Amino acid sequence: MKLADHIYTDIDKKKVFEKQLSRIAKGEYSAPLFVITYPLYSAGILEIYEYNELRQNFYRTLDDKIEIIGVSRSKDGARQVLCDILEDHLSEEGVLMWPSY
């Protein structure tokens, strides 16, 4: 799992946010935390996962493909963060601009 250069979040306190990012970077357990990633397969735009789900063996085989671009403490918060990401990446012509893989 890797963290994007810019992480979107709804966590207000910088210290709490940095602690969560540190746990993700170390692969440690973190209760409750939802992350937004680029799609793991070719379908979709963005995906929301409960962070601890990504720590399971199945996802560890995909570890190098998982890039976290958003973090939230709740599912509803993750949905709002996802909307913020989409709004930021929507160009004037209405075309989504994503980094190339």
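1. Being 3 residues apart in helix α3, arginine 79 and aspartate 76 are separated by about one helical turn. (Helices are DSSP runs of H or I with at least four residues, strands are runs of E with at least two, and both are numbered from the N terminus.) The side chains of arginine 79 and aspartate 76 meet in a salt bridge at 2.8 Å, N to O; the term stands for a side-chain nitrogen of Lys or Arg within 4 Å of a carboxyl oxygen of Asp or Glu. Arginine 79 is partly exposed, with a relative accessible area of 44%, while aspartate 76 is exposed, at 55%. (Buried means under 20% relative accessible area, exposed over 50%, and partly exposed in between, with a 1.4 Å probe and protein chains only.)

2. A quick word on the basis: this is a predicted model, where local features need pLDDT of at least 70 and side-chain atom pairs count only at pLDDT 80 or more, while totals for chains, interfaces and linings use all residues. Residues are numbered from 1 along each chain as its sequence is written, and side-chain values use heavy atoms, leaving out hydrogens and water.

3. The structure holds 2 salt bridges. Besides the pair in α3, glutamate 18 and lysine 14 meet through their side chains at 3.9 Å, N to O. Both lie in helix α1, 4 residues apart, about one turn of the helix. Lysine 14 counts as exposed at 61% relative accessibility, and glutamate 18 is partly exposed at 44%.

4. Now for α1 itself. Phe17, Gln20, Leu21 and Ile24 are buried in this helix. Seen down the axis of α1, the buried residues fall within an arc of 100° (taken from the directions from the helix axis to the C-beta atoms), so they line one face of the helix. They pack against β1, β2 and β4, where contact means heavy atoms within 4.5 Å. On the other side of α1, Lys15, Lys19 and Lys26 are exposed. Glycine 27 follows the helix with a positive phi, near 75°.

5. Finally, the core. The largest nonpolar core has 25 residues, of which Val35 and Val71 touch the most other members. (Such a core is a set of buried Ala, Val, Leu, Ile, Met, Phe, Trp, Tyr and Cys residues joined through side-chain atoms within 4.5 Å.) Elements giving two or more residues to this core are β1 (2-9), α1 (14-26), β2 (34-37), β4 (67-72) and α3 (75-89). Not counting residues up to four places away in sequence, valine 35 touches residues including Ile24, Leu54, Ile68 and Val71.
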